Amino acid sequence: MRLTTFTDYALRLLIYTAGKPESRVTIDEVAEWFAISRAHVKKVVLTLSRGGFLLSSKGRNGGFTLARPPGEINLSEVILATEPDFGLFECYLTGNECRISRPCRLPNVANEALAAFLAVLGKYTLADAMVRPAYFLLPAAGPQPLRGPKRPATQDGPGLSPGMLSPR
């Protein structure tokens, strides 16, 4: 399963904003820090503002802050507000043409997995994912390490590294 880039940007933006509790954050600031287009950041801010996660204001002294303390922003709520769908299979999407949709039981299994995924994220808040505010004062670092799950090795070969989990 993979979340959209939009959701990734939303979580990063919230973490960044939580790290700047004493000041308003701007779209330009976030776009520069994460090297994300200004237009993308603007869309994310709009969605998070509408979802009640950010308070934003326009104008010369405009910007945004968290609408609630980090400990009150649930990660699963953010994901539900930013993901357009959880189209894990064709049968989840409009225009489904899979010929085995009616008898297939795979969506039931995937629904259970998705519910478990959201339940785990539901146990955590933005406060659990925060970065120390001092980190945002450092200059941009070079390449970052890969993070994520590692599949165990099998008798057919070595395990997969996190970079190998995404399609090419």
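Me: In which helix is the place of isoleucine 15?
Reply: The model is predicted: local features need pLDDT of at least 70, side-chain atom pairs count only at pLDDT 80 or more, and totals for chains, interfaces and linings use all residues. Numbering starts from 1 along each chain as its sequence is written, and side-chain values use heavy atoms, without hydrogens and water. Helices (H or I, at least four residues) and strands (E, at least two) are DSSP runs, numbered from the N terminus. Isoleucine 15 sits in helix H1.

Me: Which residues does isoleucine 15 touch, leaving out those up to four places away in sequence?
Reply: Contact means heavy atoms within 4.5 Å. Isoleucine 15 and alanine 127 lie 112 residues apart in sequence, yet 8.5 Å apart in space, C-alpha to C-alpha. Beyond four places in sequence, isoleucine 15 touches Leu126, Ala129, Met130, Val131 and Phe136.

Me: How are H1 and H4 oriented to each other?
Reply: Helix H1 covers residues 5-18 and helix H4 residues 75-82; their axes are 9 Å apart, at an angle of about 135°. Axes are lines fitted to C-alpha atoms (for helices, over the stretch in contact), with angles from 0 to 180 degrees between N-to-C directions. Under 35 degrees counts as roughly parallel, over 145 as roughly antiparallel, 65 to 115 as roughly perpendicular, and the rest as oblique. H1 and H4 are therefore oblique.

Me: How do the residues of the contact of H1 with H4 divide by class?
Reply: H1 brings Phe6, Thr7, Ala10, Leu11 and Leu14, and H4 brings Leu75, Val78, Ile79 and Thr82. Ala, Val, Leu, Ile, Met, Phe, Trp, Tyr, Cys and Pro count as nonpolar, Asp, Glu, Lys and Arg as charged, and the others, Gly among them, as polar. For H1 with H4, that gives 7 nonpolar, 2 polar and no charged.

Me: How are H1 and H3 set to each other?
Reply: The H1 and H3 axes come within 10 Å and cross at roughly 75°. H1 and H3 are therefore roughly perpendicular.

Me: How many charged residues are in the contact of H1 with H3?
Reply: From H1, Phe6, Tyr9, Ala10, Leu13 and Leu14 meet His40, Val41, Lys43, Val44, Val45, Thr47 and Leu48 of H3. Next to 9 nonpolar and 2 polar residues, the charged count is 1.

Me: Which element gives the most to the lining of the second largest pocket?
Reply: A pocket, on a 1 Å grid over the protein atoms alone with a 1.4 Å probe, is an open set of points with protein on both sides within 12 Å along at least five of seven lines; lining residues have an atom within 4 Å of a point. Here 15 residues line the pocket, with Ile27, Lys42, Val45, Ser57 and Lys58 nearest its centre. Two or more residues come from each of helix H2 (27-34), helix H3 (38-50), strand E1 (54-57) and strand E2 (63-66). With 5 residues, the most comes from H3.
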